[in-house]
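Have the chain open beside you as we go.

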Amino acid sequence: MRILAIDGGGIRGVYAAYILKRIAEEFNTTFYKCFDLIVGTSTGAIIAAALATNYPIEKIVGLYEVNSKQIFKKQPGGFLGLLQSRYNNRYLKTLLGQTFGKKTMSDVLTRLMIPATDIGNGQVFVFKSNYLEEFVRDKDIRIADAVLASCSAPTYFNPIVVREYLLADGGLWANNPSIAALVEATGKMKTPVEKVRLLSVGTGIGNRYYSRKTVNRWWRKVGGLFGLSLYGTKLVEVILNLQSKSAQNMMGLLLDEVHYLRLNFESDNKLSLDRIDIIDDLKSRADQIFTYKAKTIERFLRECEGGV
């Protein structure tokens, strides 16, 4: 059971897309043939859905490069997410519709999972293609709608309604979806853990978000939750990063390096979800990691159909 899991992270998804582009080019990898299950959260859901439908990975990199200014264009009243979400999802919705058309979760070429969050019922929610007989709920849901739901990070984009469910970003509980993927493989699909090989692609981990001095100053000036809300988007970023990091640590304990490969990087500074000026740096980071781990990646992919 070969699994590809892709983290959430907003604009930082360009890192994951670019490193996967390098893998496709260097090792002639066709991802839907190589991987038995592809899982992606939030921005990772865009990439996962593209790979599962054989949408060219280089076009996904271009999607970030060309469209990010419009996706992350602040709407009136959305400053810091105080009065409403910082960004309107209309442009992203249109873009996803153009990318995936009318394809549904039944139209994928390999198994696909997309984590979201059912905020109406306080439950996790996972879109799944119908790779098991009992998976009938999502088979007619448009891929574009599933991806948009998974991308709807609180304070950044409004939640969306898919059928009767009010859904938000899957990153609230599975920003790094590796553990969800592993549980699916070993639980639902009854795959022995020793037969799992999991490639996990991150979007970077930032290590500094809040200054105690700055937060205390704002707290004293405007007080209470309103003062903290001025840092609301940063708080969301911290939550997503913590989930990714904790999942990475647990995966390292559950699977050894023969069965698990993580491609990610860390930064001493914060890594925003919406700063388009870091795209070139993210691509450079992806090149660096790919070059450093190329032989390890090649060994990992060696048995993949359509791979090296």
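The lining of the largest cavity is made up of twelve nonpolar residues, seven polar ones and one charged one. In this sorting Ala, Val, Leu, Ile, Met, Phe, Trp, Tyr, Cys and Pro count as nonpolar, Asp, Glu, Lys and Arg as charged, and the others, Gly among them, as polar. This is a predicted model, in which local features need pLDDT of at least 70 and side-chain atom pairs count only at pLDDT 80 or more, while totals for chains, interfaces and linings use all residues. Residues are numbered from 1 along each chain as its sequence is written, and side-chain values use heavy atoms, with hydrogens and water left out.

How much space lies in the largest cavity? The volume comes to about 210 Å³. Of the 20 residues lining this cavity, Gly10, Ile11, Thr43, Phe72 and Phe157 are the closest to its centre. A cavity here is a set of points on a 1 Å grid over the protein atoms alone where a 1.4 Å probe fits but cannot get out, and lining residues have an atom within 4 Å of a point. Grid points are joined across faces, edges and corners, and a volume is the space filled by probe spheres set on the points. By this rule, the count of cavities of 30 Å³ or more is one.

Helix H3 (43-52) and H4 each supply at least two lining residues to the largest cavity, and H4 gives the most, with three. Helices (H or I, at least four residues) and strands (E, at least two) are DSSP runs, numbered from the N terminus.

## The open pocket

A pocket, by contrast, is an open set with protein on both sides within 12 Å along at least five of seven lines. The largest pocket has a volume of about 180 Å³. Its lining consists of Arg197, Glu257, Val258, Tyr260, Leu261, Thr296, Arg299 and Phe300. Strand S9 (260-263) and helix H12 (279-301) are the elements that give two or more residues to this lining, and H12 has the largest share, three residues. By class, the pocket lining divides into four nonpolar, one polar and three charged residues.

## Helices in contact

Axes are lines fitted to C-alpha atoms, for helices over the stretch in contact, and angles run from 0 to 180 degrees between N-to-C directions.

| Pair | Axes come within | Crossing angle |
|---|---|---|
| H1 (13-27) and H4 (57-71) | 9 Å | roughly 155° |
| H1 and H3 | 8 Å | roughly 25° |
| H5 (90-100) and H6 (143-150) | 9 Å | roughly 140° |

With axes of H1 and H4 crossing at roughly 155°, H1 is therefore roughly antiparallel to H4 (an angle over 145 degrees).

H1 and H3 are roughly parallel to each other (an angle under 35 degrees), and their crossing is right-handed. Gly13, Ala16, Ala17 and Leu20 of H1 make this contact with Thr43, Ile47 and Leu51 of H3. Five of the contact residues are nonpolar, two are polar and none is charged.

The crossing of H5 and H6 is also right-handed. Here Leu92, Lys93, Leu96, Gly97 and Phe100 of H5 touch Ile143, Ala144, Val147 and Leu148 of H6, with seven nonpolar, one polar and one charged residue taking part.

Note on methods:
Parallel < 35°, antiparallel > 145°, perpendicular 65-115°, else oblique. Left-handed = near helix turned anticlockwise from the far one by under 90°. Contact = heavy atoms within 4.5 Å.
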